[in-house]
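Q: I would like to learn how to read a structure feature by feature. Could you take me through this one?

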Amino acid sequence: MPYFLLGFSHSAFLFTILFSEANSEDATMANTMVIQQPKPFVQAITSNQWSSDICDCTKDMSSCCLAFWCFPCFACITAREAGECLCLPLLNGFGLIPPATMSLRVGIRQRYGIEGTMCNDCVYSFFCGPCTWCQMSREMKTRLQPVTLINHM
């Protein structure tokens, strides 16, 4: 018998053994009845409110510390994470009301469907600039988390 046919017959023999073992496992599994299937529970943030308050810096201490010790760096990083130009926060120096902070806050509210007014955005941007940037950073981190499937039985 040629050598290549010998290898083929050996493979066919192994396939027959594996197939017969699989059929016996299928017969055992066919007799087992499943009473209840697990139901996935989707947990996602879809609220029309901010996920954290303006002064909830304790929810993300690393960001809060970076904003406190090096605010220009933190603002530039946050603007970049929002998909804006890295230098956008540097425009805040060209006006009484920080235009970059206010425009980014309005943009994040519109992106995530958060209720609010431009008047509130203006007040927060003017009086609580670093806290506003921290809140926007926390919101983006919260909303960009992947959907988590939780198995409830």
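A: Gladly. Let's start with a side chain: with a relative accessibility of 69%, W69 counts as exposed, since exposed means over 50%. Please keep in mind that this is a predicted model.

Q: Which ring pairs with that of W69, and with what geometry?

A: First the general idea: two aromatic rings are described by how far apart their centres are and by the angle between their planes. Here a search of the whole structure gives 2 aromatic pairs. One of them joins F68 and W69: the ring centres are 4.9 Å apart and the planes stand at 85°, so this pair is edge-to-face. F68 is exposed as well, at 62% relative accessibility.

Q: And which residues form the other aromatic pair?

A: That one is made by F126 and F127. Their centres are 4.8 Å apart, the planes are at 90°, and the pair is edge-to-face. As for accessibility, F126 is partly exposed at 38%, whereas F127 is exposed with a relative accessible area of 61%.

Q: Let's step back to the overall fold. How many helices and strands does the protein have, and in what pattern?

A: There are 6 helices and 2 strands. Along the sequence they follow the pattern α-β-α-α-α-α-α-β. The protein has 153 residues, and 27% of them count as buried.

Q: Now for helix packing. At what angle do α4 and α5 cross?

A: The general idea is that two packed helices are described by the angle between their axes and the distance between those axes. For α4 (residues 99–112) and α5 (residues 118–127), the axes come within 9 Å and cross at roughly 135°. The two helices are therefore oblique to each other. Their crossing is right-handed.

Q: Which residues make that contact?

A: From α4 come T101, M102, R105, V106 and R109, and from α5 come M118, D121, C122, Y124 and S125. By type, the residues of this contact divide into 5 nonpolar, 2 polar and 3 charged.

Q: How are α4 and α6 arranged: roughly parallel or roughly antiparallel?

A: Their axes are 11 Å apart and the packing angle is about 25°. That makes α4 roughly parallel to α6, as angles under 35 degrees count that way. The crossing of α4 and α6 is left-handed.

Q: Which residues are in contact there?

A: On the α4 side they are T101, L104, R105, I108, R111 and Y112; on the α6 side they are T132, W133, Q135, M136, E139, M140 and R143. The division for this contact is 6 nonpolar, 3 polar and 4 charged. When you look at such lists, a rule is handy: an α-helix has 3.6 residues a turn, so residues three or four places apart point the same way.

Q: What about helix α3: which of its residues are buried, and what covers them?

A: In α3 (residues 71–81), the buried residues are F74, A75, C76, T78 and A79. Their cover includes α2 (61–69), α4 and α6 (129–143). Look just beyond the end of α3 too, where G83 takes a positive phi of about 90°.

Q: Now a loop residue. Where is D53, and which residues does it contact?

A: D53 lies in the loop between β1 (39–43) and α2. With 54% relative accessibility, D53 counts as exposed. Leaving aside neighbours within four places in sequence, D53 is in contact with Q135 and R138. D53 and Q135 are 82 residues apart in sequence, with 7.0 Å between their C-alpha atoms.

Definitions and conventions:
Residues are numbered from 1 along each chain as its sequence is written. This is a predicted model: local features need pLDDT of at least 70, side-chain atom pairs count only at pLDDT 80 or more; totals for chains, interfaces and linings use all residues. Side-chain values use heavy atoms; hydrogens and water are left out. Axes are lines fitted to C-alpha atoms, for helices over the stretch in contact, and angles run from 0 to 180 degrees between N-to-C directions. Helices (H or I, at least four residues) and strands (E, at least two) are DSSP runs, numbered from the N terminus. Angles under 35 degrees count as roughly parallel, over 145 as roughly antiparallel, 65 to 115 as roughly perpendicular and the rest as oblique. A crossing is left-handed if the near helix is turned anticlockwise from the far one by less than a right angle, and right-handed if clockwise. Contact means heavy atoms within 4.5 Å. Ala, Val, Leu, Ile, Met, Phe, Trp, Tyr, Cys and Pro count as nonpolar, Asp, Glu, Lys and Arg as charged, and the others, Gly among them, as polar. Rings of Phe, Tyr and Trp (its six-membered ring) pair if their centres lie within 6.5 Å; planes under 30 degrees apart count as stacked, over 60 as edge-to-face and the rest as tilted. Buried means under 20% relative accessible area, exposed over 50%, partly exposed in between (1.4 Å probe, protein chains only).
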